[in-house]
Each structure stands twice: as structure tokens, then as C-alpha cells.
Amino acid sequence: MSCSDSRLADVTHIGCSVFSRVLFLLSFLIMGSSRSLQVLKLGTVSYLEALKLQEKLVSDRKASIISDTLLSLQHPPTYTLGKRRTDHNLLIPTSELQKIGAELHYTQRGGDITYHGPHQAILYPIISLRDCRLGARNYVEKLELTMIELASLYGVKACPGKKCETGVWVGDRKIGAIGVRISSGITSHGLAFNIDPDLNYFKHIVPCGIADKEVTSLRRETGSELPSDEVVHEQLISCFAKLFGYTTLTWKDSNLSLSSKKTG
């Protein structure tokens with residue numbers, strides 16, 4: 001994403017939790033009182049497998065075969081580059097990637113290079129922005145607020161980055177990344193929130209193309225033991241659903257069994 005697309009204004013002077021709650025109330029009033037979201041809990045999935053699934057779901061969502069859908073997953077160690085192809089931000093030769101157990105993939109999402117790996121909460125929303133009555137900028141801001149809300153549950157004060165700094169930050173340390181693709185009003189790709197990943201993998205890249213900035217995690221910021229990754233994933237899903245105005249979630253796990261429950 002370009003600087004102009006990353007945010008409407010510098011909101012760091014506003015209390016992040018207050019701002020997110022106000023935005024949620026506005027979303028509820030605008031979008032109505034009953035909206036459903038299908039959540040696919042996929043566990044650990046290879047990047048290419050998840051990419052193929054997204055492409056299929058985007059096609060189905062465009063054709064109104066499926067309703068809004070959210071993928072919740074983790075990847076094995078993987079570096080991905082956005083459509084700008086900023087290979088110079090990969091700091092090791094591609095021939096060395098196998099030695100550190102990582103893959104490299106090129107994508108059509110916005111944003112720069114980033115890392116995905118174990119103990120990271122990833123959400124890929126496949127949703128209609130028209131149905132949500134959102135523009136691209138508002139959508140990205142809500143993804144930021146989703147991660148900010150999650151961090152606040154653990155007493156961590158996170159905020160959107162400054163101008164040209166996409167994602168979510170704790171001071172000068174990045175805790176969550178965003179890279180999205182929007183095609184005919186349908187979204188794919190999404191966000192990655194650092195629960196407790198191996199931060200050494202970030203040393204091999206210039207994360208999101210922003211030099212001289214640290215990457216952090218929820219575990220590092222809290223300095224305490226966290227619940228299981230599954231619990232944190234579900235909390236992130238709940239934050240997403242509330243901020244985007246979904247009232248009913250239909251859960252589908254990796255075994256493709258279905259169940260329904262209310263978000264309230």
C-alpha cells in the first residue's frame with residue numbers, strides 16, 4: 001500500500017481503545033443489527049495452499065456463492081513479497097532460505113516484504129466491502145483496530161503507525177502487519193499479529209520496507225506467559241467480528257465440521 005492509502009490522518013493523539021470503541025458503535029449503527037460471518041479455522045497451512053484457497057473463495061464470493069468468510073491460520077516459516085517486488089528488502093540470498101527452514105513467495109497483495117511463521121495469528125478476510133459499506137482506507141484502519149483491540153486485552157497499548165508506517169505498533173516496535181488485495185470489492189490477504197514468533201526470522205528482512213525499526217510480539221511486550229495460540233486466535237477473531245459488525249459466527253474447523261454461535 002502507498003503512504004496515501006495507509007491512513008486518513010495521524011490518529012496517535014487519540015486514545016486507541018476509545019477510538020476503536022467509537023468506530024465499532026458507528027459500524028453497528030451503519031451496518032444494521034444482524035450480519036453473519038463464516039470462520040474457517042485451518043491450523044497450520046502452507047502459504048501456497050492458503051493462497052489457492054483464497055483465490056477460490058474470492059471467486060465464490062464475487063459470484064455470491066458464499067457469504068463473507070474469514071480464514072484463521074498460521075504458516076510455516078515463510079517470507080512474502082507484495083506486488084511491488086521489493087527484493088532488495090530480503091537481506092539474505094535466496095539460496096540460504098532452505099538452510100533456515102523458510103520459503104519465499106511473491107504475491108499480488110499490497111505492502112512490502114513480511115514474515116509469517118508459527119505463533120503468529122493470521123486472518124485472511126474474504127469479504128464484500130460494498131456489503132460492509134467500507135472503502136479501502138476504512139477497511140485497512142479497521143484491520144489495524146482489530147489488532148489494537150487484541151493487544152489491549154493484555155494491557156498492551158498499541159496504535160497505528162505514523163505516516164507511511166502501515167500496521168500496528170507499540171512505540172517504535174511493530175507488533176502487527178497488514179497487506180491486502182481488493183478485487184471487484186472483495187478482499188483477500190489481510191493481517192498478521194505476532195503472538196510469540198521466533199523474531200530472529202525478521203533479522204533477514206527489512207520488515208514491510210521500514211528500516212531501523214524493531215519487531216516485537218505480545219509475549220515480549222507482556223513479559224508473561226500467554227494462553228494457547230488457539231485462544232489468542234479466537235480473541236482476534238472476536239475483535240474482528242465486533243469491529244466489522246458481525247453478530248453471528250459460523251465456525252468451520254480443519255475437519256470441516258460446522259457449528260454456530262453468537263458473538264455477544
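Biologist: Which residue of β12 does Val39 stand opposite?
Modeller: This is a predicted model, where local features need pLDDT of at least 70, side-chain atom pairs count only at pLDDT 80 or more, and totals for chains, interfaces and linings use all residues. Residues are numbered from 1 along each chain as its sequence is written, and side-chain values use heavy atoms, with hydrogens and water left out. Strands (DSSP E runs of at least two residues, numbered from the N terminus, as are helices, H or I runs of at least four) pair if DSSP finds at least two bridges between them. Strand β1 (residues 36-44) and β12 run parallel, joined by 5 bridges, and the β12 residue opposite Val39 is Trp251.

Biologist: Is strand β12 largely enclosed or exposed?
Modeller: Buried means under 20% relative accessible area, exposed over 50%, partly exposed in between (1.4 Å probe, protein chains only). In β12 (residues 248-252), 4 of the 5 residues are buried, so the strand is largely enclosed.

Biologist: What distance separates the end C-alpha atoms of helix α7?
Modeller: The expected span is 1.5 Å times one less than the number of residues. For the 15 residues of α7 (residues 229-243) that gives 21 Å, and the end C-alpha atoms agree, being apart by 21 Å.
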